[in-house]
Amino acid sequence: MALRSTRTTDGGSTPDRDIVHRPPGPEGVSTNLPDTPSGPGVHPVDELLPPVKLISTGLQHVAAMYAGVVAPPLIVGAGVGLSPAELALLISASLFTAGLATLLQTLGFWKIGARLPFVNGVSFAGVAPMIAIAKEHGPKDALPVIFGAVIVAGLLCFLAAPYFCKLIRFFPPVVQGTVITLIGVSLLPVAVNWARGGSPGAPGFGSVRAIGLAAITLLAVVLCNRLLRGFWQQLSLLIGLAIGTLLAFPLGLADFGAVQDAKVFALPSPFHFGAPVFDAAAIVSLCIVMVVSMTESTADMLALGKIVDREADEPTLAAGLRADGLATALSPVFNGFAASAFAQNIGLVALTKIRSRFVVAAGGGILILLGLFPVLGSLVSLVPQPVLGGAGIVLFGTVAASGIRTLAEAGMESSSNTILVSVALGVGIIPIAVPTFYDAFPEAVRTLLHSGISAGSVMAVLLNLLFHHVGVARRSPADGKPATTVPTATPS
């Protein structure tokens, strides 16, 4: 079992076994318990649920993330002019690699994997640069160049993980709360767009039928959460999705066409689109995207740690980022793209209060099956975008509410904290409110600023440095007293 250390203000360090973090007991007495696979001392994150509950709740995570996983390959595949059969293969590859990445994060090995209920999927941040690469190199040669750049970006993330994770000391509760709130707020427009139908070309986009179906799904999730109890209450999202999907058929917003055309089984073929090509400009572009993804993954792990009551300390962050990097570097072998955190699933953990990482691991297993059996993936794709939109409002709003709860504990009576939160939220909301705001900026700068989460996170960290780490202001933002304990990672 690995050793961790805690650095104290006098420069000493105290080694200590891997522990499960619980709230402090009376008079500050620690109630941390051993991280064991079973028994009364098991933290909810390490709890192994019964098979039926494990699979059903894992399926909820797949339903919440499915649209996000298939959207990037759909856009990139269309951009490089793939045939329908090749596009289906690219989507299956993305599902398969997302499942592998999720298993790597939740189960982990050595110092790889956050071992939290942390979902990984295809990063949307790389879509625009990949489309630009396709335009520069032409449809025929684009995918090998993209895959070569993704491999290098993944290796960069893996090697930089133990250093990047040290940023945690610049994420006190006031910064964490701001970032968590921004994650939820940034995702809400996605849910609203789903509620309208997903894209302007979709049947019934923006119609009363589509928006009404989203509203019914939202109402179904809320009522199930209010009226049901126990296990069934935890399945409220899945029940709402099922109700919305059934209603979509008579409304003409869903059909079985995708199921009829899908193959039963398709084994991933390594480098199906050609051996990777390493182009310098493409590598630089996707390495910048990877740094943005690392920032978002760090913020997501901090948010998830708050929700599941297990602190995402430096070792956890480093292990999670290593998993991101390794999964990203391996994905192109199976024709997949960069892997990063899926914030929408954090909302599902907060909503259902099921904190077991094995539930998300089960979702990763389901994703692998969907990738190997396209006919199964097509069944999940029956869920219409408006239905996902109605459920997404609950999911993403729950993330924002978790951030607000964290801010309430961060000492908002301080004027410096008030300014930090207001400015960081404002900067983060700019690309959400006006997506074209930064279009005149250089491409490398746009990659960072077009992500409200990344832009707001960077601003929150910079303002925290200004207010709490410069000169006499180096004090705890909550009570104005100097910090006494700083978590640190073991040598990596």
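## Where helix 5 meets helix 18

In helix 5, the residues Val175, Thr178, Val179, Leu182, Ile183 and Ser186 meet Gly452, Ile453, Gly456, Ser457, Ala460, Val461 and Asn464 of helix 18, contact being heavy atoms within 4.5 Å. By class, this contact of helix 5 with helix 18 has seven nonpolar, six polar and no charged residues. Helices here are DSSP runs (H or I, at least four residues), numbered from the N terminus.

The structure is a predicted model, in which local features need pLDDT of at least 70 and side-chain atom pairs count only at pLDDT 80 or more, while totals for chains, interfaces and linings use all residues. Residues are numbered from 1 along each chain as its sequence is written, and side-chain values use heavy atoms, with hydrogens and water left out.

## How the two helices cross

The axes of helix 5 (residues 173–196) and helix 18 (residues 452–468) come within 9 Å and cross at roughly 165°. Helix 5 and helix 18 are therefore roughly antiparallel to each other, a term for angles over 145 degrees.

## Asparagine 464

Asparagine 464, found in helix 18, is buried, with a relative accessible area of 1%, where buried means under 20% relative accessible area (1.4 Å probe, protein chains only). Leaving aside residues up to four places away in sequence, asparagine 464 touches Phe170, Pro172, Val175, Leu420 and His469.

## Helix 12

Nine of the nine residues of helix 12 (residues 344–352) are buried, so this helix is largely enclosed by the rest of the structure. After helix 12 comes lysine 353, which has a positive phi, near 65°.

Conventions. Buried means under 20% relative accessible area, exposed over 50%, partly exposed in between (1.4 Å probe, protein chains only). Axes are lines fitted to C-alpha atoms, for helices over the stretch in contact, and angles run from 0 to 180 degrees between N-to-C directions. Angles under 35 degrees count as roughly parallel, over 145 as roughly antiparallel, 65 to 115 as roughly perpendicular and the rest as oblique. Ala, Val, Leu, Ile, Met, Phe, Trp, Tyr, Cys and Pro count as nonpolar, Asp, Glu, Lys and Arg as charged, and the others, Gly among them, as polar.
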